[in-house]
Amino acid sequence: MSKGLVLILSGASSVGKGDIREALLNDPDMKLFYSISETTRPQRPDEVDGKDYYFVSHNEFAESVKKHELLEYTEFNGYYYGTPKPQIDFLINKGKNVLIEVEAQGVGPIKLNIPEAVAFFVMPEGFEQLEKQVSERYKDDEASIQRRLNKAKMDMEIAPLFKHVVSNADTEAAVAEIKRVFMERLEQRK
Ligand code: 5GP
């Protein structure tokens, strides 16, 4: 049995990665399983522990780092986020494809560990549109808006390093392009 293939979905915060991710996960042709990250960020009302994230304490996160259980981790907007390695190893060794969603800096360490992973960067239509989206989503927290926008600016600067960049202007077109590239890669490995 061949190993599963990893799809990395990256891009600035609030760029609409969530909609693209859901469409990819719901596409039966892609046979994708979602890599659930650990985070110290507080759970939002619409989120489910163990589905959207594993919501953990600082001590629990530090323990995962100490045990080398994270493929990569980062600090974002004052909280830690990390990609658990055991669940990814388990899935790809069973031949399952895995979708990992990370901010841009998480991509390098994942590619170092899993060189054949296929990475996509979701680019906002423009910075003004992103500013509007971030301001609407985090309207009660001006400091968070500024931190997310600064991070988005930095992320957009490293976007040209990605081989595959899709625009968030048209979710359907972005999903179709990601699917085309990923299916092609799956076909090449046969
Ligand atoms: P949010 O707080 O909006 O759920 O996520 C903030 C950012 O962290 C998003 O850009 C998301 O893609 C990214 N993120 C989520 N999980 C991980 C992870 O395990 N590692 C890294 N590097 N980034 C992550």
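# Exposed and buried residues, and the ligand shell

Lys-31 counts as exposed because its relative accessibility is 58%; the term exposed means over 50% relative accessible area, buried means under 20%, and partly exposed lies in between (1.4 Å probe, protein chains only). This is a predicted model, in which local features need pLDDT of at least 70 and side-chain atom pairs count only at pLDDT 80 or more, while totals for chains, interfaces and linings use all residues. Residues are numbered from 1 along each chain as its sequence is written, and side-chain values use heavy atoms, with hydrogens and water left out.

**Two loop residues with positive phi**

Lys-31 belongs to the loop that joins α1 (17–25) to β2 (32–34); helices (H or I, at least four residues) and strands (E, at least two) are DSSP runs, numbered from the N terminus. The phi angle of Lys-31 is near 45 degrees, a positive value in a residue that is not glycine. Asn-77, in the loop between β5 and β6, also has a positive phi while not being glycine, with a value near 55 degrees. Asn-77 counts as buried because its relative accessibility is 14%, whereas Lys-31 is exposed.

**The surroundings of the ligand**

There are 17 residues around the ligand, and those that come nearest are Arg-41, Tyr-53, Glu-72, Tyr-81 and Glu-101; a residue is near a molecule if one of its heavy atoms lies within 4 Å of it. By class, this shell holds 7 charged, 5 polar and 5 nonpolar residues. Here Asp, Glu, Lys and Arg count as charged, Ala, Val, Leu, Ile, Met, Phe, Trp, Tyr, Cys and Pro as nonpolar, and the others, Gly among them, as polar. Three strands, β5 (70–76), β6 (79–84) and β7 (97–102), each contribute at least two residues to the shell.

The side chain of Lys-17 has an N or O atom 3.0 Å from an oxygen atom of the ligand. Gly-82 takes part through its backbone, where an N or O atom is 3.1 Å from a ligand oxygen atom. In Glu-103, a polar side-chain atom lies 2.7 Å from a nitrogen atom of the ligand. On its own, the ligand has 510 Å² of accessible area, and the protein covers 94% of that area; such areas come from the Shrake-Rupley method with a 1.4 Å probe.

Arg-41, one of the residues that come nearest to the ligand, lies in the loop between β3 (37–39) and β4 (53–55). Its relative accessibility is 7%, so Arg-41 counts as buried.

**Positions along the chain and in space**

Pro-109 is part of helix α4 (residues 107–113) and counts as partly exposed, at 30% relative accessibility. Asp-141, in the loop between α5 (127–137) and α6 (142–158), is likewise partly exposed, with a relative accessible area of 35%. Met-1 stands in the segment before β1 (6–11); at 82% relative accessibility, Met-1 counts as exposed.

| Pair | Separation in sequence | C-alpha to C-alpha distance |
|---|---|---|
| Pro-109 and Glu-72 | 37 residues | 6.0 Å |
| Arg-41 and Tyr-81 | 40 residues | 7.9 Å |
| Asp-141 and Val-56 | 85 residues | 22 Å |
| Met-1 and His-164 | 163 residues | 28 Å |

Technical notes. A polar contact is a pair of N or O atoms within 3.5 Å; within protein, one must be able to donate a hydrogen and the other to accept it, and residues adjacent in sequence count only if both atoms are side-chain atoms.
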